[in-house]
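Q: I should like to go through this structure with you, point by point. Shall we begin with the packing of helices?

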Amino acid sequence: MIVVTGATGNAGSEVVQALAGRGGRVRAFVRDPGRARQVLGGNGANGGNSGNVELAVGDFADPASVRAALEGADALLLSCADDPRRVGWETAAIDAAVAAGVRRIVKLSAAPAEPGSPVAFWDWHGQVEHYLRASGTDWVILRASWYMSNLLAAASRVAAEGRLYAPAGQARIAMIDPRDVGAAAAAVLSGAGHEGQSYLLTGPRAITYDEVAAGLSAATQSRVEFVDVPGDAAYQAMIGDGMPGFVAEQIVAMFGGLRQGAVAQVSPAVEALTGDAPRDFASFATDHARLFAPAAAAARR
């Protein structure tokens, strides 16, 4: 039995699907069973399942639900949303997993994770990594690069205006498709010989936002232009869209890290773990073209 937390997230849902595709028993830890059924295909509430995917309903803020989800588990994929409580939640889950006899904990982290990082999200990941290494159980860390799916937040504006706005400059980013993160995580959770290893998961090459715009142009058969914006302007735009100030602040800080090369490194780990080369951005853009195409904007009116 493999427990996957953060199971309805961009990467977590792909981990669940990849594990299910391998025929393993999967328990998805979710807050909202209705959403989980939509995302994962489960058809029960607490203890419901679709095929070999079981839903365990709970919340990191409810330690009893975490303990219940871990009963009888052999391995844990540890992930949760970016939240100021992340370090406390994930370290408590590590303690609960160790107490429950879980033999392997795989932490889904970020490529630039580092305790004390000026980017809070990367600092939190770094703190949890440090705690996991000292936990006394078998551990594996998957440090994923910038997700291609982060671009989906800009899809409606790209469709409406033909412009992709970001404070990215000429940053080179080894973007990864979450499906490849899911496949790599499933390989590590299901296979042996990974204990005590940290893997950097990236796409096949580091690309700029100009290249992203070109890829979206080709996929949508319409002109998409990248517009580099100053960090302050990006922050104000996000605030104007209703984003909490702290989150907008951190996104601007992350882009600062990207411009300094924080996720420029390309790694062969995805292919080494899965046997398949990671998807390139052209594949991602083609698969999601309908969301970025001008017709999508017309359909929203």
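Q: At what angle do the axes of α5 and α10 cross?
A: The axes of helix α5 (residues 120–133) and helix α10 (residues 245–259) cross at roughly 85° and come within 8 Å. Helices here are DSSP runs of H or I with at least four residues, strands are runs of E with at least two, and both are numbered from the N terminus. The axes are lines fitted to C-alpha atoms, for helices over the stretch in contact, with angles from 0 to 180 degrees between N-to-C directions.

Q: What is the average pLDDT of the protein chain?
A: The average is 93, and 95% of the residues score at least 70. pLDDT is the predictor's confidence in each residue, from 0 to 100.

Q: Which element has the lowest mean pLDDT?
A: Strand β3 (residues 49–50) has the lowest mean, 45, whereas helix α11 (residues 269–274) has the highest, 98. Over residues 43–49, pLDDT stays under 50, and the model has 21 contacts beyond four places in sequence for this stretch. Where pLDDT is low, the predicted coordinates should not be read in detail.

Q: Back to α5: is Y131 buried, partly exposed or exposed?
A: Y131, in helix α5, has a relative accessible area of 34% and is therefore partly exposed. Buried means under 20% relative accessible area, exposed over 50%, and partly exposed in between (1.4 Å probe, protein chains only). Beyond its neighbours within four places in sequence, Y131 contacts T91, I94 and D95.

Q: And how do α3 and α4 cross?
A: The axes of helix α3 (residues 63–70) and α4 come within 9 Å and cross at roughly 40°. That angle makes α3 oblique to α4. In this pair, V66, R67 and L70 of α3 meet A93, A96, A97 and A100 of α4.

Q: Where is D83, and is this residue buried or exposed?
A: D83 lies in the loop between β5 (75–78) and α4 (86–100). Its relative accessible area is 15%, so D83 is buried. A polar atom of the D83 side chain lies 2.7 Å from the backbone nitrogen of R85. Leaving aside neighbours within four places in sequence, D83 is in contact with W89 and W124.

Q: What about S13: which residues does S13 touch?
A: Not counting residues up to four places away in sequence, S13 touches G6, A7, T8, V39 and L40. S13 is in helix α1 (residues 12–21) and counts as buried because its relative accessibility is 9%.

Q: Finally, what is the phi of Q221?
A: Q221 has a positive phi of about 55° although it is not a glycine. Q221 lies in the loop between α8 (209–220) and β10 (225–228), and it counts as exposed at 75% relative accessibility.

How values were computed. Residues are numbered from 1 along each chain as its sequence is written. This is a predicted model: local features need pLDDT of at least 70, side-chain atom pairs count only at pLDDT 80 or more; totals for chains, interfaces and linings use all residues. Side-chain values use heavy atoms; hydrogens and water are left out. Contact means heavy atoms within 4.5 Å. A polar contact is a pair of N or O atoms within 3.5 Å; within protein, one must be able to donate a hydrogen and the other to accept it, and residues adjacent in sequence count only if both atoms are side-chain atoms. Angles under 35 degrees count as roughly parallel, over 145 as roughly antiparallel, 65 to 115 as roughly perpendicular and the rest as oblique.
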